[in-house]
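Let's walk through this one together, one question at a time. Have the picture open as you read.

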Amino acid sequence: MDTNDLIKALAADTRRPGLSMSATWAGAAIGALVLAGLVFSVLLGPRPDIAAAAETLRFLFKFVVAIALAATAFAAMRVAAWPEADLRRLLPYLAIAPALVAVSVVLELFAVPSDTWATRLIGTNSLLCLTFIPLIGLAPLALFLLALRHGAPSRPELSGALAGLAAGGIAATFYAAHCPDDSPLFAATWYTIAVLILTVSGALGGRWAVRW
Amino acid sequence: MSGADDEHLARLLRAAVAGDEKAYADFLRDAAQAIRGWARRWTIGAGVDAEDVVQEALLAVHVKRHTWREDAPVIPWLHAIARHKYVDAVRRQARRPTVGIEGLEDTLASVETEKARDWEIGRALEGLAPGQRSVVNAISIEGCTVAETAQRLDMNETAVRVALHRGLAAIARRFGRN
């Protein structure tokens with residue numbers, strides 16, 4: 001078949017093109033939040049003292065960081081789904097959440113005596129954190145990879161990693177409501193590792209699923 | 001790269017998205033020309049046929065046309081898709097066992113006129129279900145309209161359109177696979 005013949009066939013295929021990317025992303029975002037919320041409330045639920053915790057700065061700050069991560073990574077992933085996207089321009093946005101983490105760690109190191117640093121870092125429930133953040137993030141990650149597959153990212157692994165970061169941000173937001181450890185030292189260590197597990201899964205998933 | 005002026009391409013593509021079949025054919029022809037220009041430069045010494053890259057990129061443009069935003073320039077979008085498909089083709093080429101064609105390149109190159117490069121897309125075409133294949137064949141190679149194809153294959157027009165749509169999507173999917 002020569003190229004002109006191919007063009008004849010393509011031009012004759014007048015069925016509607018695929019769902020627009022903005023509709024795709026809206027659907028993926030809603031689905032991700034619903035599924036993550038469902039997994040969270042079935043498996044964990046909020047901690048019993050959440051009302052009291054909500055009045056402490058450390059507890060609230062976990063949400064600030066997690067939501068910032070989810071929002072920036074989601075926005076970056078949306079951009080990465082355009083084939084001509086220049087991903088280097090996204091770096092400043094992606095630096096927001098790590099910068100917040102770094103600031104909170106420094107403030108915590110000043111705020112509390114150094115002999116409590118280790119206990120605060122180890123916390124009470126790091127294994128739970130490492131289990132449930134990836135678990136809550138699994139469905140969002142799958143939806144985001146599907147949305148990326150519907151798009152045309154020129155860097156499948158990288159955009160898959162962004163999907164993992166966004167899923168990690170969503171999962172961390174939910175998990176933070178359950179987690180009894182509020183120290184930035186704990187969050188900066190274990191939440192980060194948990195989110196990185198999702199990020200690496202996203203990169204591998206991207207290589208496998210986001211081909212076009 | 002005549003006809004590749006971005007405003008011109010954007011106008012055609014906008015009309016095409018609105019359902020203008022003729023504008024879409026014009027767009028694809030001009031896009032093919034632009035992609036051919038890039039692909040010829042990229043494929044020098046790459047062991048990949050430029051026209052294969054053009055065809056694969058056109059298929060990708062077709063199935064991914066919802067990733068073009070009406071307010072975005074067309075050429076960078078087209079270029080990115082073509083580049084992606086070129087990289088794909090090179091990777092595929094590298095995985096393929098090399099048959100000893102050293103010394104035969106000249107012969108092969110001279111035989112490789114307009115239609116001798118059937119093998120890449122042709123192979124994808126052969127992999128289609130028979131019904132889809134005959135529809136795609138009738139409309140592309142034989143140049144029938146949808147109505148003529150329907151009549152000839154004793155199908156209704158909707159079924160022809162569905163078969164064409166699915167067939168092209170399947171070709172786009174398998175083109176890169178090996």
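Q: How much area do chain B and chain A bury between them?
A: First, a heads-up: this is a predicted model, where local features need pLDDT of at least 70, side-chain atom pairs count only at pLDDT 80 or more, and totals for chains, interfaces and linings use all residues. Residues are numbered from 1 along each chain as its sequence is written, chains are lettered from A and ligands numbered from 1 in the order written, and side-chain values use heavy atoms, leaving out hydrogens and water. Buried area is the accessible area (1.4 Å probe) that two parts lose on being put together, summed over both. Carbon and sulfur atoms hold 63% of it here, and the total for chain B and chain A is about 3,500 Å².

Q: Which residues of chain B lose the most area to chain A?
A: On the chain B side, 43 residues are in contact (heavy atoms within 4.5 Å) with 32 residues of chain A. Three of chain B's residues together give 17% of what that side buries, and they are Lys64(B), His66(B) and His84(B).

Q: How many helices are there in chain B?
A: Helices are DSSP runs of H or I with at least four residues, strands are runs of E with at least two, and both are numbered from the N terminus. Chain B has zero strands. Its helix count is nine.

Q: What share of the residues in chain B is buried?
A: Buried means under 20% relative accessible area, exposed over 50%, and partly exposed in between (1.4 Å probe, protein chains only). Out of 178 residues in chain B, the buried share is 47%.
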